[in-house]
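Please brief me on this protein model. I would like the overall make-up, then some details picked out by topic.

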Amino acid sequence: MKEWWVQVGLLSVPLLAVYLHIPPPKLSPALLSWRSSGGYFTYKDQNIFYRDSTGAVGRGGIVVLLHGFPTSSYDWCKIWEGLTQRFHRVIALDFVGFGFSDKPRPHHYSIFEQASIVEGLVRHLGLHHQRINLLSHDYGDTVAQELLHRSLQSLMLSLLFVEAVCGRCRFHLIAQACIAPRAISRLCSTSRQRPLRNNRFLFSILQYINQRKKHRDRWVGALMSTSVPLHLIYGPLDPVNPHPEFLQLYKKVLPMSTVSVLDDHISHYPQLEDPTGFLNAYLNFINSF
């Protein structure tokens, strides 16, 4: 009788071969509509998906939405219409490696590149001399922090004049926490090509965790040094940023930031779990200055 691990190995090989040839899931009507209402711009030969909506007549301001890991701009779908009623322009993109944007392999994915892509999009839209509000979540928080750092430097180094930053937060560089990849299916369902079927690709994307640790002083320092208004929207049931320890640490490190705490049952995706509460918290912050 063969050793059990040999039998498992013989069985695993054909199963793995079948798995790697499973086509990506079909897009839902909602995702098809989301994609058709957007477009693409090119950043260093990479096709980057974005949406750009013009808000109600007479409204002012621009907000750029930065999504988290491992999802896409579709995370903002439930508050999109509400934002267009407040802002003149509402803009979101899929970072390279995510959603409908290209997923090059091999590729060195980095927060610095993603920040440059945001700047590239703003320049592409002719908004690089405008004041920009950033609304970010999770992975996007770190991209926002890099943009904030650039805004603190010589204006020649940054294409964004940041007006306000609001995060739905995973400021892990403060707490030095790490995550396990979750909700992979959402990213798969919004891809233009088969995304996270390759462990090397996933490992490359996940390098942002090490980047957060390596560049902690740069990115936390940007938050601590800026005069730009900061706001945190927090769900107490968030398993990534446990309550109350995370909130206490956040307020200690960033006492100048204001905070909105949502209902007790709200977790890590409040813009999807409680879009009304999230939108009200954000607009109250924006309207306060």
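The protein has 13 helices and eight strands. Helices (H or I, at least four residues) and strands (E, at least two) are DSSP runs, numbered from the N terminus. This is a predicted model, in which local features need pLDDT of at least 70, side-chain atom pairs count only at pLDDT 80 or more, and totals for chains, interfaces and linings use all residues. Residues are numbered from 1 along each chain as its sequence is written, and side-chain values use heavy atoms, with hydrogens and water left out.

**The whole protein**

- Of the 289 residues, 55% count as buried. Buried means under 20% relative accessible area, exposed means over 50%, and partly exposed lies in between (1.4 Å probe, protein chains only).
- The accessible surface comes to about 13500 Å². Carbon and sulfur atoms hold 57% of that surface. Accessible areas come from the Shrake-Rupley method with a 1.4 Å probe; for residues, only the protein chains shown count as cover.
- Take the contacts between residues at least 6 apart in sequence: 81% of them join residues at least 24 apart. Contact means heavy atoms within 4.5 Å.

**Helix 5 and helix 10**

- Two packed helices are described by the angle between their axes and the distance between the axes.
- Helix 5 covers residues 139-152, and helix 10 covers residues 216-225. Their axes come within 8 Å and cross at roughly 65°. Axes are lines fitted to C-alpha atoms, for helices over the stretch in contact, and angles run from 0 to 180 degrees between N-to-C directions.
- The crossing of helix 5 and helix 10 is left-handed. That term applies if the near helix is turned anticlockwise from the far one by less than a right angle; clockwise would be right-handed.
- Helix 5 brings Thr-142, Gln-145, Glu-146, Leu-148, His-149 and Leu-152 to the contact. Helix 10 meets them with Arg-218, Trp-219, Val-220, Ala-222, Leu-223 and Ser-225.
- By class, this contact has six nonpolar, four polar and two charged residues. Ala, Val, Leu, Ile, Met, Phe, Trp, Tyr, Cys and Pro count as nonpolar, Asp, Glu, Lys and Arg as charged, and the others, Gly among them, as polar.

**Helix 13**

- Helix 13 (residues 275-286) has twelve residues. From first C-alpha to last, helix 13 reaches 16 Å, close to the 16 Å expected at 1.5 Å a residue. The expected span is 1.5 Å times one less than the number of residues.
- Buried residues in helix 13 include Gly-277, Phe-278, Leu-279 and Ala-281. Tyr-282, Leu-283, Phe-285 and Ile-286 are buried too.

**Val-63 in strand 3**

- Val-63 is found in strand 3 (residues 62-66).
- Why does Val-63 count as buried? Its relative accessible area is 0%.
- Val-63 touches Phe-87, Arg-89, Val-90, Ile-91, Asn-133, Leu-135 and Tyr-282, not counting residues up to four places away in sequence.
- Val-63 and Leu-135 are 72 residues apart in sequence, and their C-alpha atoms are 6.9 Å apart in space.

- Arg-59 is partly exposed, with a relative accessible area of 45%. Gly-61 is also partly exposed, at 33%.
- Leaving aside neighbours within four places in sequence, Arg-59 is in contact with Gln-85, Arg-86, Phe-87 and His-88.
- Arg-59 and Arg-89 are 30 residues apart in sequence and 8.8 Å apart in space, C-alpha to C-alpha.
- Gly-61 and Arg-86 are 25 residues apart along the chain, with 8.1 Å between their C-alpha atoms.

**Backbone details in loops**

- The peptide bond from Phe-69 to Pro-70 is cis, with omega near 0°. Pro-70 lies in the loop between strand 3 and helix 3 (80-84).
- Arg-105 and Pro-106 are also joined by a cis peptide bond, with omega about -10°. Pro-106 sits in the loop between strand 4 (89-93) and helix 4 (111-124).
- Asp-45 has a phi near 70°, a positive value in a residue other than glycine. Asp-45 lies between strand 1 (39-43) and strand 2 (46-54), and is exposed at 71% relative accessible area.
- Asp-138 has a positive phi too, near 60°. Asp-138 lies in the loop between strand 5 (131-137) and helix 5.
- Is Asp-138 buried or exposed? Asp-138 counts as buried, because its relative accessibility is 0%.
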